[in-house]
Amino acid sequence: MKTLSRRTTWVAAATLAQLLLVPVAVFGQLSAHLTGDELLLRVGPVDPIDPFRGAYVDLRYPDIEPTESDRKSVEDEDHGTLYVVLEERDGVMVAERFSRARPDGGTYLACDDSSWQLRCGIDSLFLPQDEAERVQRDIDQSGLQVEEFDENGMPVEADRDSGYVARIKVDSRGHAAVVALEKR
Amino acid sequence: MCETAGEADSGGMDTSTPTRADAPRPVSPAQLAWLTREVGRWTSDGVVTSGQADAILDTYRAVRRWSLAALALWLGAAFVGVGVIWLVAANLDRFAPLGRFVTVTILWVAAVAAADLLARRVRTRRSPVVGGMRGLAALLYGAVVMQAAQSLQVPAWDATLVGVWALGALLYAYAARGLAPLVIGIVLGSTWLVWSVGERAESPFGVVLAFGALGAGGFALARLHAAGTDGADGAGFAATWRITGAVGCLVALFVAALPWEYDLQDAGWLGWAAIGLGVVLAAIAASRSRRLDLLEATAGVITLVPAIGIGFWSSQAGDGIGAADWGRAVVAVAVFVGVAAAVAAVGVLRDEPHLTWLAVLALAVFTTVQAFAVFAEIITGAWLFVALGVVFAATGWVADRGRREMASALEGQSQEGTDR
């Protein structure tokens with residue numbers, strides 16, 4: 001009986017530790033939700049599926065993607081954390097500058113450019129499957145997904161507008177979370 | 001699989017009910033059939049009388065380890081667990097995210113509590129009901145993590161979520177001494193390690209490091225559990241970590257020997273940290289072992305050296321197939337045969353036939369892939385199969401010789417009274 005109770009104590013301790021691990025797994029978004037300020041960003045989505053989590057809309061943000069010259073200015077070889085300092089323009093936030101060092105103040109996003117895509121913790125919006133498909137169709141009809149190519153077959157950067165904005169929350173350390181997708 | 005590994009390790013001798021001294025001992029039907037045959041021979045040889053023969057046979061009864069009830073329980077637990085995770089993925093927006101999170105958390109805590117209560121009531125070792133419930137609790141913890149991520153819109157394809165789920169499952173496995181959560185934790189943890197290291201390294205070399213670390217850590221932990229004094233639980237845990245180590249070593253060598261031309265980018269701190277942890281565990285295990293046990297404790301680390309070496313070599317593979325490629329393929333096959341033979345030998349040493357089968361299967365897949373990747377461009381058509389047959393027969397002969405020598409060396413050792 002004594003060994004059984006000792007095991008129960010261990011199981012209770014492990015369960016508590018597991019529970020405390022959950023906020024660690026989602027720390028950035030949790031912090032943004034609890035302490036962050038709300039901002040608006042223009043978006044351009046597509047809709048794939050995550051095996052554990054279902055259908056989502058993959059969000060890209062044309063206004064915070066660094067251009068070639070931006071990349072050159074922040075030592076591009078040195079991939080890792082990239083801070084995107086934001087400023088407001090026409091009611092939405094856009095990138096003002098990029099930096100490898102944490103900005104002293106102001107509103108900024110703490111992103112990661114180790115992979116081919118800039119990831120700022122706001123890259124997906126999970127929705128029920130039919131809802132995700134509907135948003136996708138809507139975006140496709142807006143013409144955002146129609147790629148244009150130059151004579152060398154390279155995609156032409158164009159300032160397309162899906163008509164959607166993402167409402168996000170950003171905390172003081174640059175952690176961000178998507179709150180909602182809205183039609184402008 | 002986990003529970004069978006544990007039960008196989010305990011040799012089917014586990015008493016699944018509290019036995020009185022005169023109650024028949026449960027054995028597998030195959031063991032009882034063998035004993036009946038042998039006892040018949042003893043009777044006809046006059047070694048025992050038919051009355052004594054009956055008395056001997058009456059002390060055993062046939063029990064199937066894989067009962068249909070256990071299979072149904074485990075399948076049921078797995079289906080319910082996966083089903084709840086899919087419900088989380090279905091994103092039922094009729095219910096508020098916080099409500100969904102609380103519901104899933106309550107289900108998880110209820111499963112943990114139910115498993116613990118059942119473990120108190122069912123006073124048997126390895127009850128499939130308790131095992132199934134613990135497995136379900138480990139799966140439901142995944143649903144909790146995924147629902148938290150869902151509620152907060154954490155971006156898709158985030159390896160951290162799988163890592164936290166794995167860590168939670170392992171914590172639970174060790175707290176409850178449950179094999180089912182251990183297997184779930186190991187599978188998820190390995191997925192997280194290979195995913196995270198592979199993502200950072202952006203080359204197959206990161207995958208070699210991740211699997212190599214699993215091999216080193218798996219064999220070391222198997223030895224530590226086997227050397228520990230925690231009884232049948234320890235034996236089940238040891239068997240599970242041992243198969244993890246074997247899979248890690250074999251896959252690391254397999255990936256290392258693939259002739260891909262790639263830049264050896266830095267695998268990042270995570271890959272080398274995992275290797276470091278594996279080496280430290282192996283050192284601790286080695287300090288508590290001697291002779292053949294020492295070899296098992298360090299098997300993963302010993303495999304790391306040729307795996308990393310062949311990985312460096314393979315990365316310089318050119319477009320064509322030259323003498324260097326032949327040389328590398330021959331060395332890689334030789335090393336792989338050695339490691340596969342060692343894994344098969346551990347299978348014999350620990351009386352775990354599934355390790356031997358794993359080694360044979362790995363060897364077959366490895367030689368086939370190497371033959372097609374390297375030799376195929378030179379020897380085409382019918383000759384490829386003739387050459388492949390000769391390679392198979394030769395490796396089979398070498399492996400079988402090694403296995404027999406290891407088995408006879410082991411017999412010599414066990415006669416000296418060394419324990420497992």
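Predicted model: local features only at pLDDT ≥ 70, side-chain atom pairs only at ≥ 80, totals over all residues.
Biologist: How many bridges join strand β9 of chain A to β10(A)?

Modeller: Strand β9 (residues 164-170) of chain A is joined to β10(A) by 7 bridges, and the two run antiparallel.

Biologist: Let us turn to another strand. Is strand β4 of chain A largely enclosed or open, and why?

Modeller: The reading rests on a cut-off: a residue counts as buried when its relative accessible area is under 20%. Strand β4 (residues 54-60) of chain A has 6 of its 7 residues buried, so the rest of the structure largely encloses it.

Biologist: Where does a hairpin join β4(A) to another strand?

Modeller: The hairpin leads from β3(A) to β4(A) through 3 residues. Strand β3 (residues 49-50) of chain A pairs with β4(A) over 2 bridges in the antiparallel sense, and Gly54(A) in β4(A) is the bridge partner of Asp50(A). Strand β4(A) is also joined by 3 bridges to strand β8 (residues 124-126) of chain A, again running antiparallel. There, Asp58(A) has Ser124(A) in β8(A) as its bridge partner.

Biologist: Chain B comes next. Is Val112(B) buried or exposed?

Modeller: Val112(B), a residue of helix α5 (residues 97-121) of chain B, has a relative accessibility of 6% and therefore counts as buried.

Biologist: Leaving aside its neighbours within four places in sequence, which residues is Val112(B) in contact with?

Modeller: Its contacts beyond those neighbours are Val11(A) and Thr15(A), together with Ala137(B) and Tyr172(B).

Biologist: Which residues form a nonpolar patch on the surface?

Modeller: Leu68(B), Leu71(B), Leu75(B) and Phe79(B) form this patch, and together they have about 450 Å² of accessible area. Leu68(B) belongs to helix α4 (residues 68-90) of chain B. With a relative accessibility of 70%, Leu68(B) counts as exposed, because the exposed class begins over 50%.

Biologist: How many salt bridges does the count come to over all chains?

Modeller: The rule asks for a side-chain nitrogen of Lys or Arg within 4 Å of a carboxyl oxygen of Asp or Glu. The count over all chains is 15 salt bridges. One of them links the side chains of Glu87(A) and Arg89(A), at 3.1 Å from N to O. Glu87(A) is partly exposed at 30% relative accessibility, and Arg89(A) is partly exposed at 46%.

Biologist: Which parts does the pair of Arg223(B) and Glu296(B) tie together?

Modeller: The side chains of Arg223(B) and Glu296(B) form a salt bridge of 3.0 Å, N to O. Arg223(B) lies in helix α9 (residues 204-227) of chain B and Glu296(B) in helix α12 (residues 292-314) of chain B, so the pair ties together parts 73 residues apart in sequence. Arg223(B) is buried at 3% relative accessibility, and Glu296(B) is buried at 2%.

Biologist: What meets in a salt bridge with Glu296(B) at 2.8 Å?

Modeller: It is the side chain of Arg242(B), with the 2.8 Å taken from N to O. This pair links distant parts of the chain, 54 residues apart: Arg242(B) is in helix α10 (residues 231-256) of chain B and Glu296(B) in helix α12 of chain B. Arg242(B) counts as buried, at 2% relative accessibility. Through shared partners, salt bridges join Arg223(B), Arg242(B), Asp293(B), Glu296(B), Arg350(B) and Glu352(B) into one network.

Note on methods: Residues numbered from 1 in each chain as written. Chains lettered and ligands numbered in written order. Heavy atoms only, no water. Patch = residues over 30% accessible without salt bridge, like charges linked within 9 Å, V, L, I, M, F, W, Y side chains within 5 Å. Areas by Shrake-Rupley, 256 points an atom, 1.4 Å probe, with all protein chains shown as cover. Helix = DSSP H or I, 4+ residues; strand = E, 2+ residues; numbered from the N terminus. Buried < 20%, exposed > 50% of the residue type's maximum accessible area, 1.4 Å probe, protein only. Pairing = 2+ DSSP bridges. Contact = heavy atoms within 4.5 Å.
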